[in-house]
Each structure stands twice: as structure tokens, then as C-alpha cells.
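Q: I have a model to go through. Could we take it piece by piece?

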Amino acid sequence: MRRSTESYSGRVSLRVWDLPIRLFHWLLAGLIAFSWWTAEYDHLDWHIWSGCAILTLLIFRLLWGFVGSSTARFRSFIRGPKSVVRYLRGSRWDNIGHTPLGALSVIALLLLLSVQVGLGLIAEDEDGIYFGPLAHLVSTDTSDTAREIHSPNFDLILALIGLHIGAILYYRFARGKRLTLPMITGRARVGAQVPPMQPGKWWAAVLCLAIALGITRWVIAGAPPFGS
Amino acid sequence: MVRTACIALGAIVLLSCSSSKSNQANAASNSVAASAETRTPPKLTHDQALALMKQRNDNMKAMGDAAGKVGKSFQSGSPDLNVIRQAAAQIASLAPKVVSWFPAGTGPDVGKTRAKAEIWQKPEDFASKAHDFSQAAMDFNDAAKLGDMNRIKVTFGAMGKTCKACHDLYRAPEH
């Protein structure tokens with residue numbers, strides 16, 4: 001039996017990704033595309049809203065990574081470098097959720113996106129007309145520099161997204177492992193020996209979302225008392 | 001010997017007379033031909049063009065930075081009238097000169113610039129948009145002098161629109 005398909009080739013259809021994670025994933029993908037489009041075609045007012053929406057998602061994901069379902073929790077998939085090496089060397093991985101290698105990619109993407117949002121929050125456009133909501137906290141030079149990094153940083157994000165999609169395709173066609181459908185339906189065919197996903201509490205999800213929205217609202221208001 | 005010298009001197013005097021006469025004639029015809037608005041300037045050397053293009057870019061950046069200071073002042077929640085007045089005055093001093101920064105020979109074919117070739121293909125439209133900007137900058141400066149914050153915000157917003165109107169057509173993207 002090929003080790004890579006062990007987890008996903010069984011007869012049992014089990015939940016692997018909870019609803020908050022799936023909503024987060026696809027909303028994020030859509031918002032990243034929208035952010036790119038609005039920047040490319042000079043709709044910077046929409047671009048700033050899009051970035052703030054991504055901020056909400058990122059804060060939610062961070063919180064959910066501590067109180068969410070078992071596959072959402074960082075502790076379940078963030079391992080040391082040794083487990084990544086072991087996974088690459090071909091040892092068995094009888095599990096659901098992110099593989100040790102996939103975990104690296106997730107962390108890298110979340111970090112790069114956080115940097116991108118952070119830069120956007122303090123950036124201003126070159127004509128001095130559009131500002132991130134926290135731009136007034138820093139000097140014009142800082143805002144200009146933030147904008148100048150914000151653009152090439154997106155190229156890094158794009159590279160990681162390319163890697164992500166490439167990996168999905170590789171697993172699908174070289175390893176016979178379907179990954180996209182489970183991220184939509186939340187279910188995958190898993191082997192009987194796989195430990196099942198422990199779902200998170202729905203009220204915990206609502207609470208995380210409320211906190212994420214609250215922080216975003218505070219940021220949009222300019223982070224009082226530092227701003228308006 | 002003396003005769004040769006006299007002829008030579010005479011020739012020199014005649015030649016210099018005629019050349020200065022033709023210069024005067026040229027200058028006269030130039031100023032007659034030129035209208036009040038589009039004085040035909042002497043053709044720029046490559047170095048002069050590049051220097052002008054650099055100065056133009058610096059001036060544009062200065063206006064953008066000034067506008068940025070105003071915007072940030074609004075965003076902070078307690079706008080600083082001194083900052084706004086200074087910025088408005090700076091923009092108002094530069095805005096009327098915009099058209100003069102784009103003489104022939106300072107386009108993208110000459111050197112690195114974000115000015116698009118369309119500026120010299122549609123000079124009337126470009127000049128009209130530059131005029132709108134200049135007018136809006138004056139309005140903003142007047143509002144800043146008076147100190148009415150509502151009026152300041154309205155005129156600042158209107159000025160931003162004139163920046164965008166020109167840039168949308170005549171400025172190439174950053175990358």
C-alpha cells in the first residue's frame with residue numbers, strides 16, 4: 001500500500017475539515033484574488049476594504065488555531081523539523097489534516113499574508129489620496145516604504161500560492177490523493193485506523209469571529225486612542 | 001597691403017552685420033509666430049531634458065507628499081490647520097506650472113519617465129486637465145487660508161479627483 005494514500009483510500013467517509021476552516025480557506029482565496037484585481041485596476045478604496053476583510057479572517061484563523069477543531073489547531077500539525085524530514089523520507093503518516101510538509105506551507109502563507117496586511121495598514125498611495133487605516137500613526141516615508149514593499153511581497157505570496165496549487169495537483173495526479181473536494185465538503189475517505197476529527201464548539205467559532213470583527217473595527221477606526 | 005586689409009575688414013563688417021540682421025529677423029518672426037500660450041522654446045539638449053524630467057518627478061512627488069500630509073492629518077482625528085495650510089500653499093505654488101514641465105522632448109522616448117506619449121498627442125486635453133488641477137489647488141488653498149474644516153475637506157477631495165483624472169490617462173503605472 002502506498003503510504004500517501006493510506007489515510008484517504010479507506011471505505012469510511014469522515015469529516016476532516018470543519019466549516020469555519022473551509023469558509024476561511026475559500027473566503028481568503030476569493031479576497032486575495034479580489035485584492036489583487038482592485039490593486040491592478042486602480043480601485044484602491046475597494047482594495048483597502050478587501051485588505052481589512054483579510055485582516056478579520058487572519059485574526060479568526062489565529063484564534064481558531066487554538067480553540068478550533070482538531071485539524072484546525074496549530075498544535076495538531078505544527079511539528080519540529082524532524083517530523084518534516086521523516087515525512088519526506090517516506091515514513092507512514094496515518095492522519096488527517098495538514099501533513100508536516102503542508103503545515104510548513106500553511107505557516108508560510110499565513111505569515112506572508114500577515115506581513116502583507118500589516119504593510120497595507122500603514123501604507124499610503126503615491127498621490128497621498130488613499131491610506132491604510134493606521135497610516136496616520138507613521139511618517140510619510142514609512143508609509144511610502146510600506147507601499148514599496150507591499151507590491152513585491154505579493155509576488156512572494158503568489159509564488160507560495162503557485163506551490164500550494166502545484167502540490168495539490170501533484171497529490172491528485174501522482175499520488176491519487178484528492179485534496180480539493182475535502183476542503184469543500186469537509187469529508188474524505190479515510191482508513192479505519194485514522195483518528196477522527198474532533199469538531200470545535202460552534203459558540204467558540206462565533207466568539208472568535210466576534211473578536212476578529214471587533215479588532216478589525218477598532219483598526220478601521222484608526223486604533224483609538226492612538227488615532228481618531 | 002593696406003587695400004587687402006581694408007577689403008578684409010569691410011568683408012568682416014558686412015558679414016557680421018548681415019548675420020546679426022538675420023538673427024533679429026528670426027527672433028522677430030519667432031515671437032510673431034508664437035501665440036501667448038505656446039511660445040516655441042528652443043529645443044532641449046538631452047541633458048536638459050533629463051534634468052527637467054527629474055525635476056518634474058521631484059515636483060510631482062512633493063505635491064503627493066504634501067497631499068499625503070493633509071490626508072493623514074484628517075485621519076488622525078484632530079486635523080492640524082498649520083500642516084494643512086503649509087501643504088495647500090506648497091501644492092498651490094506648484095500646480096499652475098504643471099504644463100510647463102512637459103515641453104516637447106521630455107517624453108518616454110527620451111528617458112525614463114512615467115509620462116505617457118499621449119500627453120503630446122492630446123495636448124489640449126492634457127492642458128485642460130492640468131488647468132482643472134490648478135484651479136482645484138487654488139480652491140483648496142483658499143479654503144485652507146479661511147480655516148473652515150468642512151470646506152477644506154470638500155476642496156481637498158475635489159482636488160484629489162483632478163489628480164486622478166489626469167493620472168488615469170497620462171501616467172504609466174509604477175511597475
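Q: Where does A:His150 lie?
A: A:His150 lies in helix H7 of chain A, residues 140-174; helices are DSSP runs of H or I with at least four residues, numbered from the N terminus. This is a predicted model, in which local features need pLDDT of at least 70 and side-chain atom pairs count only at pLDDT 80 or more. Residues are numbered from 1 along each chain as its sequence is written, and side-chain values use heavy atoms, without hydrogens and water.

Q: Is A:His150 buried or exposed?
A: A:His150 counts as buried because its relative accessibility is 18% (buried is under 20% relative accessible area, exposed over 50%, partly exposed in between, with a 1.4 Å probe and protein chains only).

Q: Which residues does A:His150 touch?
A: Leaving aside residues up to four places away in sequence, A:His150 touches A:His47, A:Gln116, A:Leu119 and A:Gly120 (contact means heavy atoms within 4.5 Å).

Q: New topic: how many aromatic pairs over all chains?
A: The structure holds twelve. Rings of Phe, Tyr and Trp (its six-membered ring) pair if their centres lie within 6.5 Å; planes under 30 degrees apart count as stacked, over 60 as edge-to-face and the rest as tilted. One of the pairs, A:Tyr170 with A:Tyr171, is edge-to-face, at 5.7 Å centre to centre and 70° between the planes.

Q: How exposed is A:Tyr170?
A: A:Tyr170 is partly exposed, with a relative accessible area of 42%, whereas A:Tyr171 is buried at 11%.

Q: Which residues form the cluster linked by ring pairs?
A: The cluster comprises A:Phe34, A:Trp37, A:Tyr41 and A:Trp46.

Conventions:
Chains are lettered from A and ligands numbered from 1 in the order in which they are written. Helices (H or I, at least four residues) and strands (E, at least two) are DSSP runs, numbered from the N terminus.
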